[in-house]
Each structure stands twice: as C-alpha cells, then as structure tokens.
Amino acid sequence: MCYMSTTEPTVFERIVAREIPATIVYEDDRIIAFQDIVPKAPVHLLVVPKTSEFANVTELAAGDPQLLADIVAVAQILADDHSGGNYRLIFNTGERVGQTVFHVHAHVLGGALSEGTLGF
Ligand code: 5GP
C-alpha cells in the first residue's frame with residue numbers, strides 16, 4: 001500500500017525544493033523570496049513562508065503571527081535593497097481578488113509606482 005500524500009505541492013514549494021527555477025533574493029530556514037515571474041511593477045518580489053500550511057494571510061495571522069511578522073521584516077530588508085526602503089505590501093486573499101496560488105505569499109512592490117492607486 002502506498003501512503004504518499006495525494007496533495008500536489010504548490011508552485012512555491014517546488015521553488016523551495018529547486019524543482020522550478022526562480023531568481024531567489026532572500027532565504028532563511030522559514031522564508032524564501034524571489035522575483036515574480038510576471039512582474040507588475042519595477043520591483044515585484046514574492047515573500048513566501050516555506051510551509052504550505054497556510055493558504056492566505058488570515059490563516060497565517062491566526063496560526064503563526066510571528067511568521068507573519070518575519071515576512072514583513074523580510075519585505076523591509078528587500079525594499080531597503082531594491083527600492084530605497086519604500087514598498088507596497090499586498091496579500092491577495094481569495095480567488096475573486098486575483099489570488100491564484102493558495103500558499104500564502106506577500107507581494108512586495110517597489111520602484112516607481114503610480115500614485116493614488118492601490119492596484120498593480
Ligand atoms: P497571487 O495571484 O496568488 O496573489 O500571486 C501569485 C503570483 O505568483 C503571481 O504574481 C504569479 O506571477 C506568480 N507566480 C506564479 N507561478 C510562478 C512561478 O513559477 N515562478 C515565479 N517566480 N512566480 C510565479
């Protein structure tokens with residue numbers, strides 16, 4: 001009998017496992033960050049917990065608030081390195097607002113963003 005999980009790994013787990021290439025800009029034992037494959041801003045990085053336990057930021061905040069705080073801290077480090085310290089942080093939550101990967105991730109947007117809009 002086979003006891004392998006039937007749950008497919010998320011695309012981000014496959015990046016962590018180096019099964020899919022990505023331009024990785026940060027990594028520690030719990031978090032990885034890399035360039036978005038379809039950038040919507042001059043700087044567009046994804047900050048992702050290595051665990052796929054949390055589908056969205058609400059689950060993450062409830063289940064591991066320290067990990068959420070660490071993701072924000074990494075966003076600031078990346079913004080310091082790539083965007084003069086300024087950044088916009090987006091967590092899409094739900095299909096109807098455009099979430100496509102149900103493994104929580106923060107979009108870090110920077111560079112010259114249009115003023116007066118929260119869109120990307
Ligand atoms: P969401 O729409 O779920 O908030 O964001 C998912 C993001 O992941 C999208 O911006 C999409 O471009 C990015 N993405 C999806 N697949 C890959 C991939 O294989 N590599 C990278 N680097 N980004 C990806």
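Student: Which ligand atom does a backbone N or O atom of Ile37 lie 3.3 Å from?

Tutor: A polar contact is a pair of N or O atoms within 3.5 Å; within protein, one must be able to donate a hydrogen and the other to accept it, and residues adjacent in sequence count only if both atoms are side-chain atoms. Here a nitrogen atom of the ligand lies 3.3 Å from a backbone N or O atom of Ile37. A backbone N or O atom of Gln35 is 2.9 Å from a nitrogen atom of the ligand, and a polar backbone atom of Gly98 is 2.7 Å from an oxygen atom of the ligand. Of the 520 Å² of accessible area that the ligand has on its own, the protein covers 86% (Shrake-Rupley method, 1.4 Å probe; for residues, only the protein chains shown count as cover).

Student: On what basis are such values given?

Tutor: This is a predicted model, in which local features need pLDDT of at least 70, side-chain atom pairs count only at pLDDT 80 or more, and totals for chains, interfaces and linings use all residues. Residues are numbered from 1 along each chain as its sequence is written, and side-chain values use heavy atoms, with hydrogens and water left out.

Student: Which residues come nearest to the ligand?

Tutor: A residue counts as near if one of its heavy atoms lies within 4 Å of the molecule. Of the 17 residues around the ligand, the nearest are Asp36, Asn92, Gly98, Thr100 and His107. Helix H1 (11-16) gives the most to this shell, with 3 residues (helices are DSSP runs of H or I, at least four residues; strands are runs of E, at least two; both are numbered from the N terminus).

Student: Where does the ligand sit?

Tutor: Rolling a probe the size of a water molecule over the atoms shows where empty space is left. On a 1 Å grid over the protein atoms alone, a pocket is an open set of points where a 1.4 Å probe fits, with protein on both sides within 12 Å along at least five of seven lines; lining residues have an atom within 4 Å of a point. A molecule sits in a pocket if more than half of its atoms lie within 2 Å of its grid points. The ligand sits in the largest pocket. The lining of this pocket has 22 residues, with Phe12, Asp36, Ile37, Val38 and Leu46 nearest its centre.
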